[in-house]
Amino acid sequence: MGLIRQTLLAASTNAWLREQATRRAFVRQSVSRFMPGERIEDAIDAAVRLKSERIGTILTRLGENLASLDEAEEVTAHYIDVIERIRQAGLDGQVSVKPTQLGFDLDPDVCTRNLLRIVEHADRAAVTPVWIDMESSPYVDPTLKLFRAARERSRGVGVALQAYLYRTAKDVEDLLPLGPAIRIVKGAYLEPANVAYPKKSDVDDNYFRLCTRLLNEDSVRRATLLHIATHDAQLADRLARVIDERRVPPASYEFAMLYGIQRAQQQRLAASGRRLRVLISYGEHWFPWYMRRLAERPANIGFVVRNLFS
């Protein structure tokens, strides 16, 4: 793992840095490149603009590792409200939640009930799938258990899997009989070398293998949905060629990117007729998420520095 990336990931969990950063106007200005604002209204407005470009969206409220079940209840009610806003606005939108936002650390059973409430409301509103984000490696097994519990009740739920983890190929095989919705991401947490590939090239290779597995005929036959969540244009183009060669139906995949990142690539994909969905993050608890975004692409640090000295 590159030293800069390792440093940024370590900084994402530092409480002192979080407090200092949230007070600095130039940091807030740089954050605005990657999120339209802290309010749900800002996210909805951004989703409306993207819809006009034929780009779908996923909305996610930032924050994790809550301190009380009352907070988890508030987050659950918030997502139910967001689903209703998406429906009322006629958006091609979805939501994505973290288990720790729903109270997993405090009571896994409460977390499960909260997720099921969100999924049931999304089913009624036809705002599906509800995506379950994957957090650091200790959460993988309980998150997959949570996904399976929700999947028994509804097809309208999906889960993110991380390409930098050695275990993910087996997780994909284990989930395939369900005909799941899976979002393949590279991974954005600080993980030990015995758990995750330390070299970027190995992560990229594994990413390609995982996606091509989910684009196989047997996966398509099971009605699997693959979200190809990457900003690597070369990797996306390789997978687009696989899709075309295998004549994968459009309903079996979507490309997924983050708001404000590789905007030209987003427009190129949309203009070419590829299905594209942009993840829009919002909320006050943006510091850990922001540091992980910088770690994914350290070149973005230059943007922050230019704002610092402008």
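## Overall make-up

The protein has 14 helices and eight strands. These are DSSP runs, numbered from the N terminus: helices are H or I with at least four residues, strands E with at least two. This is a predicted model, in which local features need pLDDT of at least 70, side-chain atom pairs count only at pLDDT 80 or more, and totals for chains, interfaces and linings use all residues. Residues are numbered from 1 along each chain as its sequence is written, and side-chain values use heavy atoms, with hydrogens and water left out.

## Burial and contacts

Of the 310 residues, 54% count as buried, meaning under 20% relative accessible area with a 1.4 Å probe, protein chains only. Contact means heavy atoms within 4.5 Å. Among contacts between residues at least 6 apart in sequence, 74% join residues at least 24 apart.

## Helices α6 and α7

Helix α6 spans residues 108-125 and helix α7 residues 140-153. They pack at an angle of about 40°, with axes 10 Å apart. Axes are lines fitted to C-alpha atoms over the stretch in contact, and angles run from 0 to 180 degrees between N-to-C directions. On the α6 side, Cys111, Thr112, Leu115, Leu116 and Glu120 make the contact.

## Helices α4 and α5

Helix α4 (residues 40-51) packs against helix α5 (residues 69-89) at about 35°, with axes 11 Å apart. Ile40, Glu41, Ile44 and Lys51 of α4 meet His78, Val82, Arg85, Ile86 and Ala89 of α5.

Terms used
Buried < 20%, exposed > 50% of the residue type's maximum accessible area, 1.4 Å probe, protein only.
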